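The sequence and the coordinates come next.

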Amino acid sequence: MSSSYDGPWTARKVREEFFNYFRSKNHTFVPSSSTVPYDDPTLLFANAGMNQYKSIFLGTVDPNSERGKLKRAFNSQKCIRAGGKHNDLEDVGKDSYHHTFFEMLGNWSFGDYFKKEAIEFSWDLLTNVYGLPKDRLYVTYYAGDPQNGIPTDEEAKKHWLSQGISPDHVIASKGNFWEMGATGPCGPCSEIHFDRIGGRNAAHLVDGDDPNVLEIWNNVFIQFNRDDDGSLKPLPSKHVDTGMGFERLVSVLQNKLSNYDTDVFSPIFRRIQELTGARPYSGKFGNDDVDGIDTAYRVVADHVRTLSFALSDGGVPNNVGRGYVLRRILRRGSRHVRKKLGAPIGSFFSSLMPVVVETMGDAFPELTKKQGDIKEILDEEEESFSRTLDRGEKLFDQYATRTKDLGANELNGADVWRLYDTYGFPVDLTRLMAEELGLGINEKEFEDAQEHSKLASKGSFKKDKADLVKLDVHDLAALEKNDAISKTDDSFKFQLGNITATVKGIYYHKEFVSSSSGIPADANFGVLLDRTSFYAEAGGQEYDTGNIVIDGATDFEVTNVQAYNGYVLHTGSLKYGQLSVGDEVISSYDELRRWPLRSNHTATHILNFCLREVLGDHIDQKGSLVAPTKLRFDFSHKAQISLPELAKIESMSIDWIKKNVKVYGKDLDLTTAHRISGLRAVFGEAYPDPVRVVVLGYDVDEVAKDIDNPKWRSTSVEFCGGTHVAKTGDIKDFVITEESGIAKGIRRIVAVTGQEAHEAFRIANSMKVRLEQLESTEGKEKDTGLKALSVELGQADISVLLKAELKDRLATVRKALDKQIKEKENAINKAAVNALVTFFEEKPDSEVYFAILEVDGNAKILQNVVMQGKKLGKTVYVFSVDTEGGKVAHANYVSESARSRGLDARTWASKVSNILGGKAGGKEDGAQGVGVNVTQVEEALRVAQEAFSSK
């Protein structure tokens, strides 16, 4: 079923012909937006082609921007529907057409052509370019909604019939109406459906969920705006938004009944077979797929596409929002690889990903550029899950067997939560596994267990901060005398993966106990093991977190790890079960936390070396922090580091990462190690003997054989007991985000690596784009935008170099705008004052000047006009509306002759304020105020005139 397609319509050609057609119709190619919509918090992932054009449809686009000038566009949009409102994740693999990742071919018109041309383009492309049989195509148009005052779309119907389509293939549909939201742009749709079978009239099957009569293209005609009261009003500028499912179109053109039988998927299937040795894909579904292998092929092929694209766009698997969706997808796919396809996991998806790059990298070059990053993230995530998958499945089998033995048909919800919380099984994965055995899960029990865990975690977090379990000098003295508790072997912290260990001590309330049974639920206590894979906080590197587990019985969540004279104390609380001295347990640190800690620690060594190379040998380490999200390094240096020096340090550090040299670590006797040429050690630090030596690029054994060789100065050599990457390329990237002084002669550098570095670049680039957009705006919009960007830039964790560059550029734009504003204000001020002078030159006998000035509510200009009137001995009342601010400024002056008739400036302004609202005040000869009723300015002017005339 997955044999190579050798017909005329390969997937690549289908996409190319779509592009060629719309280029010939004067459309502009706009690259697909990112699948990760950073600027749209309403979306988990981009799920439609129109997302990047929202500002055009809503009328908020800057008309001077490239997007604002766009009239016709086309592309193939990368879409992900997994999580949130649009979620196809749980359906993938079960049928022939659901995907979490798909392409949406689309063409758009923004206030240019409308229904006639859109319909002509669709029909022409499908029948004359792709050559689809006209008698197997059916089209729909909106049937209208008389109750809500929406008419039938007779216009679309007329244009379809004009293409020569048989009237019984043009079908009214009540569901064909698209809306962006509860309010805003909306309009009727017109769908194109294709009958895979042919030789019949399939009109009655259109919109009937028949897999052989499927929608392939939707034309949306955005012609209305829905107001808050629900009413529809015609839009002044009408738009066209179309979308055609690429995978569906390919299946139609290749005459395949399933999207998965096309050459979109066949190269991936072949590679899956090569990697797993499974039987070939045979295209079976449901009960026909007895061994579940075909379903696994579909799931894995779909998921590798989704992961490749999401990660190339900067997505990162984690425990929150879209990051958790990506983690679920990887773990769901990994389970199918391991359980159904019988292959080991750990680096499977990174081995499969290159075939996605090969088949789609030409259309989406970001895949090729980010291939290395994608591989690393996939391996990191998959390796982490591989350590718990088999154990979790074994436990699931126990839960399932127990459920069936009890005659129940639902897994206990607390057990389902346990599978997630301890073994990383997303609930939808457990639900899928249960369905395979004809079981469900108790959702209420699951939600209760989840809520209890959240509440316990909040309490545990507070306890961690306020009540960290510590061993004091008396506890250590007791331990030294206790032969049953030996010092902890923590050498396994330098290795990957879990280890088995034995509980040697349980410490609670200043005493060692034999069991946790007497310790209150959720209480913090300490556990000593004979050996551990956890890293205890030391040398600036933060501690590991994770779990100490007895599978199916106990889960002790480790939230802090400290070493006391060789005894490693794991602090935390029990999620469930009990611990006793002598228990055999699994020591399982959190690899996803450890990974960035390794990167940041090795990057700290690189930074230390580069500082010495750029600034000189006087650089001595004065402190450091290695956290999962950043590294901080304090060192001796008298002056602020200049930007050129910082650029050189950062560039040199990145070069070390690009070299991808091995990182070596080994214990040497302290006396020998101290003699290594180029060694960096912290002054005054007491190091153990033997001491661990970490070297970049050279084996420690090689260094030890030739201690005095000056070439060791050309690399980083440090005493360090921390964890490090295997090779410098694992760090991925390096960005300095801060350089500051913390004390006299002490400087501090903060930097980020890996995903945090990529995020810093992304934020900086988005700020650069915003500044470029602001440069093309004018007036208040520009002023407000620059002020907001200036504040955000000051707070942003981005490269200090890019921040300095952006600040300089922003200052230049700000200076030019301030000059422009001042020149404009001077010109407006001059014109306003001259208008008063001209008035009295032309009407010297007039006593008073009234005016509504177009100066955007500028009170300063109003005062200048009033002062000019005062110089001329004339009475003045002037107004100006600030429409954007919703205010009206007004000011007056009462001449001596008018005061003698009883006109008081304060009383006069008070009468105006009765109309405009707000407040006014001043003296007998002059007053000013600010009102809020901007629509009443003409009435306020009339009242002012009447008040003057009455005196």
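## A buried aspartate

Asp-379 counts as buried because its relative accessibility is 15%, and the cut-off for buried is under 20%. The model is a predicted one. Asp-379 belongs to helix H11, which covers residues 371-405. Apart from neighbours within four places in sequence, the contacts of Asp-379 are Gly-346, Ser-347 and Ser-350.

## Aromatic rings and charges

The whole structure contains 44 aromatic pairs. One of them is formed by Phe-348 and Phe-349, whose rings are edge-to-face, with 5.8 Å centre to centre and 85° between the planes. Are these two residues buried or exposed? Phe-348 counts as buried because its relative accessibility is 5%. Phe-349 counts as buried as well, because its value is 0%.

An aromatic cluster is made up of Phe-18, Tyr-21, Phe-22, Tyr-113, Phe-121 and Trp-217.

Two arginines are placed over aromatic rings. Arg-387 lies over the face of Tyr-589, with 4.7 Å to the ring centre. For Arg-692, the charged end sits over the ring of Phe-494, at 3.7 Å from the centre of that ring.

How many of the residues of strand E2 (residues 72-80) are buried? The count is nine of nine, and the strand is mostly covered. Arg-72, Phe-74, Ser-76, Lys-78 and Ile-80 point one way from E2, while Ala-73, Asn-75, Gln-77 and Cys-79 point the other way; the residues of both sets are buried.

E2 pairs with strand E1 (residues 28-29) in the parallel sense, over two bridges. In this pairing Thr-28 stands opposite Ala-73 of E2. E2 is also joined to strand E3 (residues 101-110), by nine bridges and in the antiparallel sense. Here Phe-74 stands opposite Asn-107 of E3.

Strands of a sheet pair through backbone hydrogen bonds, and the pairing is either parallel or antiparallel.

| Strand pair | Sense | Bridges |
|---|---|---|
| E1 and E2 | parallel | two |
| E2 and E3 | antiparallel | nine |
| E19 and E20 | antiparallel | five |
| E20 and E26 | antiparallel | six |
| E22 and E24 | parallel | two |

An open sheet of four strands runs in the order E19-E20-E26-E25, with antiparallel pairing. E19 and strand E25 (734-743) stand at its edges; each has a single partner strand, so one side of each lacks a neighbour in the sheet. On average, neighbouring strands of this sheet are turned by 15° against each other, direction ignored. Helix H20 (residues 754-775) packs on the sheet and touches E25 and E26, and the direction of H20 makes about 95° with that of E26.

Within this sheet, strand E19 spans residues 621-626 and strand E20 spans residues 631-636. A hairpin of four residues joins E19 to E20, and Val-626 stands opposite Leu-631 in E20. On to the next pair: strand E26 covers residues 746-753 and is paired with E20. The bridge partner of Phe-633 in E26 is Ile-749.

Another open sheet of four strands has the order E21-E23-E24-E22, and its pairing is mixed. Which strands stand at the edges of this sheet? They are strand E21 (663-668) and strand E22 (679-680), each with a single partner strand, so one side of each is left without a neighbour in the sheet. The parallel partner of E22 is strand E24 (residues 717-719), where Glu-718 is the bridge partner of Arg-680. Helix H16 (residues 591-615) packs on this sheet, touching E21, E22, strand E23 (691-696) and E24. The direction of H16 makes about 70° with that of E23.

## The chain as a whole

The secondary structure of the chain amounts to 26 helices and 31 strands. Along the principal axes, the C-alpha trace spans about 110 × 85 × 60 Å. Of the 951 residues in the chain, 54% are buried. The chain exposes about 41,800 Å², and 49% of this area is supplied by carbon and sulfur atoms. Taking contacts between residues at least 6 apart in sequence, 70% join residues at least 24 apart.

Technical notes: Residues numbered from 1 in each chain as written. Predicted model: local features only at pLDDT ≥ 70, side-chain atom pairs only at ≥ 80, totals over all residues. Heavy atoms only, no water. Buried < 20%, exposed > 50% of the residue type's maximum accessible area, 1.4 Å probe, protein only. Contact = heavy atoms within 4.5 Å. Pairing = 2+ DSSP bridges. Phe/Tyr/Trp six-rings, centres within 6.5 Å; stacked < 30°, edge-to-face > 60°. Lys NZ or Arg CZ within 6 Å of the ring centre and 35° of its normal. Areas by Shrake-Rupley, 256 points an atom, 1.4 Å probe, with all protein chains shown as cover. Axes fitted to C-alpha atoms, helices over the stretch in contact; angles between N-to-C directions.
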